[in-house]
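Below is a brief report on one protein chain. The sequence and the model come first, and the reading follows.

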Amino acid sequence: MKFLNKKKRTCEQCGSENLKARRASYPLKIGKRDIEVRRVSLRECLDCHTLMPTEVGQEKVNRCREVFVDLLRKHNVSLF
């Protein structure tokens, strides 16, 4: 059985409570490189359009970051 978390969520940028849950690409910057992490669970502020990963979405972004950095290190590619 799932329990809903009733905690009020607000935008990190503008403080609005007008948020929409969605799955979308999330930009991730590692050194000079920009990569897009696909299908991340996010909340989008409908006022300022800031994307904020949910707890599960942030875990996916962290996993992708670790894999990408390990791949670069394995092939001796500089991050900067």
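The model is predicted. Three strands make up an open sheet, ordered E1-E2-E3, with antiparallel pairing. Strand E1 (19-30) and strand E3 (51-53) are the edges, and each pairs on one side only. From one strand to the next, the twist averages 55 degrees. Strand E2 covers residues 33-45 and is joined to E3 by three bridges.

**Helix.** Helix H1 (residues 55-74) lies across E1, E2 and E3. H1 runs at about 175 degrees to E2. Its 20 residues should span 28 Å at 1.5 Å a residue, and the end C-alpha atoms are 29 Å apart, so the two values agree.

Which residues of H1 are buried? They are Gly57, Val61, Phe68, Val69 and Leu72. These residues cover an arc of only 105 degrees around the axis, so they sit on the same side of H1. The buried residues of H1 pack against E1, E2 and E3. The other side of H1 holds exposed residues: Glu55, Val56, Glu66, Val67, Arg73 and Lys74. Just after H1, Asn76 has a positive phi of about 55 degrees.

Val37 lies in strand E2. Beyond its neighbours within four places in sequence, Val37 is in contact with Ala24, Ser25, Tyr26, Leu28, Lys60 and Cys64. Lys60 is 23 residues from Val37 along the chain, yet their C-alpha atoms are separated by 8.4 Å. Val37 has a relative accessible area of 4%, under the 20% cut-off, and so counts as buried.

| Residue | Relative accessible area | Class |
|---|---|---|
| Cys14 | 42% | partly exposed |
| Val37 | 4% | buried |
| Cys45 | 0% | buried |

Cys14 is thus partly exposed, whereas Cys45 is buried.

Methods. Residues are numbered from 1 along each chain as its sequence is written. This is a predicted model: local features need pLDDT of at least 70, side-chain atom pairs count only at pLDDT 80 or more; totals for chains, interfaces and linings use all residues. Side-chain values use heavy atoms; hydrogens and water are left out. Two strands pair if DSSP finds at least two bridges between them. Helices (H or I, at least four residues) and strands (E, at least two) are DSSP runs, numbered from the N terminus. Axes are lines fitted to C-alpha atoms, for helices over the stretch in contact, and angles run from 0 to 180 degrees between N-to-C directions. Contact means heavy atoms within 4.5 Å. Buried means under 20% relative accessible area, exposed over 50%, partly exposed in between (1.4 Å probe, protein chains only). The expected span of a helix is 1.5 Å times one less than its number of residues. The arc is that of the directions from the helix axis to the C-beta atoms.
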